[in-house]
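Visitor: I would like to learn how labels get attached to a structure. Could you walk me through one?
Guide: Gladly. Here it is.

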Amino acid sequence: MQKKRASADELIALILEGIEEVKGQEINLLDLRDIENTVCDYFIICNGTSNTHVNAIVGSIQKTVSKAIHDKPWHVEGEDNAEWVLMDYVNVVVHVFQKHIREFYDIEGLWGDAKVTLIDSSINQTLK
């Protein structure tokens, strides 16, 4: 029996749940579908407060997605120093940064043509 592939919306919801579970900060969803020659349909960008927090966010995303839809990232980079971890779920790429690294690389600025949605979660609201 062929395994049904999760929709992008379902995958995004699970990734966001994983981020919010461990209080990932400043979560943005970039919709890249209207931009030519992109490597994926969506970027999810967030940051953690330390390398430990970044690794906790990455672990939480992997656990949440794996448990719900038995999927894992095609590729993960950056876990060693945990300043910027990239998780490639093929049509959705997750970037988990430490804040100063995120500000330096400014992915949102580089992809200025993307439709950006700030994820305003209730968990993040309690931190403000």
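Guide: In the protein chain, take the contacts between residues at least 6 apart in sequence: 62% of them join residues at least 24 apart. Keep in mind that this is a predicted model.

Visitor: What makes Cys40 count as buried?
Guide: Buried means under 20% relative accessible area. Cys40 has 4% relative accessibility, so Cys40 counts as buried.

Visitor: Why is Cys46 called buried?
Guide: The cut-off is again under 20%. Cys46 stands at 0% relative accessibility, so Cys46 is buried too.

Visitor: How many disulfides does a search of the whole structure find?
Guide: The search finds 0.

Visitor: What is the order of strands in the open sheet?
Guide: The order is 3-4-5-2-1-6, and the pairing is mixed.

Visitor: Why do strand 3 and strand 6 stand at the edges?
Guide: Strand 3 (75–77) and strand 6 (115–118) each have a single partner strand, so one side of each has no neighbour in the sheet. From one strand to the next, the twist averages 15°.

Visitor: How do you know that strand 3 and strand 4 pair?
Guide: Pairing takes at least two bridges. Strand 3 and strand 4 (residues 84–88) have 3 bridges, so they count as paired, in the antiparallel sense. His75 stands opposite Asp88 in strand 4.

Visitor: Which strands does helix 1 touch?
Guide: Helix 1 (residues 8–21) packs on the sheet and touches strand 1, strand 2 and strand 5. Its direction makes about 0° with that of strand 2.

Note on methods:
Residues are numbered from 1 along each chain as its sequence is written. This is a predicted model: local features need pLDDT of at least 70, side-chain atom pairs count only at pLDDT 80 or more; totals for chains, interfaces and linings use all residues. Side-chain values use heavy atoms; hydrogens and water are left out. A disulfide is a pair of cysteine sulfur atoms within 2.5 Å. Buried means under 20% relative accessible area, exposed over 50%, partly exposed in between (1.4 Å probe, protein chains only). Contact means heavy atoms within 4.5 Å. Helices (H or I, at least four residues) and strands (E, at least two) are DSSP runs, numbered from the N terminus. Axes are lines fitted to C-alpha atoms, for helices over the stretch in contact, and angles run from 0 to 180 degrees between N-to-C directions.
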